[in-house]
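Here is a short briefing to read alongside the model. Please have the viewer open as you go.

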Amino acid sequence: MQAWRVHRNGEPSEVMELEETDRPSPGPGQVLLEVRAANINFPDALLCRGQYQVRPPLPFTPGVEICGETEDGRRVLATPALPNGGFADYVVADEAALLPAPDALDDAEAAALHIGYQTGWFGLHRRAHLQAGETLLVHAAAGGVGSAAVQLGKAAGATVIGVVGGPEKAEIARGLGCDLVIDRRSEDIVAAVKEATAGRGADVVYDPVGGDAYAKSVKCIAFEGRVVVVGFASGAIPTPGLNHALVKNYSIVGLHWGLYNTKDPAAVRACHDELTKLAAQGVVKPLVSERLPMADAARGVQRVADGTSTGRIVVLPAGGAR
């Protein structure tokens with residue numbers, strides 16, 4: 001079979017190599033899946049760089065989520081077992097963690113529903129307890145993680161403010177349903193949020209960016225607001241001033257969605273059931289901006305690493321538009 005392999009750490013476009021290799025063999029409790037679509041996530045870039053919290057032994061195949069097909073023909077969502085990730089023709093995955101792919105979504109959309117939307121749902125509902133009528137501020141609103149949070153925020157009845165970089169991404173964020181879009185390159189985030197909320201600020205901040213995005217968020221957070229720390233796509237990890245959190249009376253909550261797979265797998269399945277319902281109703285639909293053949297996977301991962309992509313880029317190993 002074909003698989004992208006990383007033999008040394010570095011930038012994805014430099015270290016990912018497409019190779020012929022043997023199919024992985026399922027271990028106890030695992031199943032072999034044919035990959036129908038593999039969604040590109042920012043952690044795939046971090047894996048290539050050797051900067052992710054999980055560091056599989058070299059060589060490895062990146063690709064942390066897929067829509068695949070079981071040997072008996074079921075279409076499922078899975079997180080492949082590293083070091084044999086999803087940018088390959090076949091993967092192995094834990095059978096107990098397989099989730100049925102929603103009928104309302106095609107393979108590429110289904111592959112993009114899993115981690116990003118689960119992260120959004122747990123972040124907004126389990127960690128931030130977002131309520132209808134509250135104001136939600138989403139950073140990188142046109143990206144894969146941010147676009148999911150925008151849709152889920154609207155589904156929850158919140159007023160959603162999206163922060164983006166550039167007019168193209170601003171247009172995409174508006175199309176996703178943002179009530180207000182702020183272009184961080186030309187507008188003052190803090191002033192715009194305060195103006196939109198009559199000085200109150202955002203009740204919930206969804207931050208997959210870190211760095212300057214976090215610093216500005218806490219300057220426009222509402223009384224009893226909640227900042228959900230999802231990741232650090234900017235490359236800069238904030239150092240929160242806890243005296244500031246005390247004085248302004250807001251909460252900083254972290255979210256590592258992967259822990260729920262071991263700590264509370266029932267909650268992951270319940271979340272998937274809810275996401276499946278929302279997809280069937282047309283309330284959420286992953287924004288798939290590009291569908292790439294296997295040969296272009298490294299280019300796609302590099303674009304996500306560079307922050308130039310919008311929505312989700314999905315790799316189709318068979319090369320078709322499934």
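The notes below cover the overall fold, the cores and the surface.

This is a predicted model, in which local features need pLDDT of at least 70, side-chain atom pairs count only at pLDDT 80 or more, and totals for chains, interfaces and linings use all residues. Residues are numbered from 1 along each chain as its sequence is written, and side-chain values use heavy atoms, leaving out hydrogens and water.

**Overall fold**
- The chain has 12 helices and 15 strands (DSSP runs: H or I of at least four residues for helices, E of at least two for strands, numbered from the N terminus).
- With a radius of gyration of 19 Å, close to the 20 Å from the globule rule for 322 residues, the chain is as compact as a globular protein of that length (taken over C-alpha atoms; the rule is 2.2 Å times the number of residues to the power 0.38).

**Cores**
- The largest nonpolar core holds 81 residues, and M16, L33, F87, F122, L136, V138 and L152 touch the most other members (a core is a set of buried Ala, Val, Leu, Ile, Met, Phe, Trp, Tyr and Cys residues joined through side-chain atoms within 4.5 Å; buried means under 20% relative accessible area, with a 1.4 Å probe and protein chains only).
- Helix α11 (residues 265-280) gives this core its largest share, six residues.
- A second, separate core has 17 residues, among them V193, A202, Y214 and V227.

**Burial and charge**
- Buried residues account for 54% of the 322 in the chain.
- There are 30 positive and 37 negative side chains (Lys and Arg against Asp and Glu, with His and the chain ends not counted).

Notes
Buried < 20%, exposed > 50% of the residue type's maximum accessible area, 1.4 Å probe, protein only. Charge placed at Lys NZ, Arg CZ, Asp CG, Glu CD.
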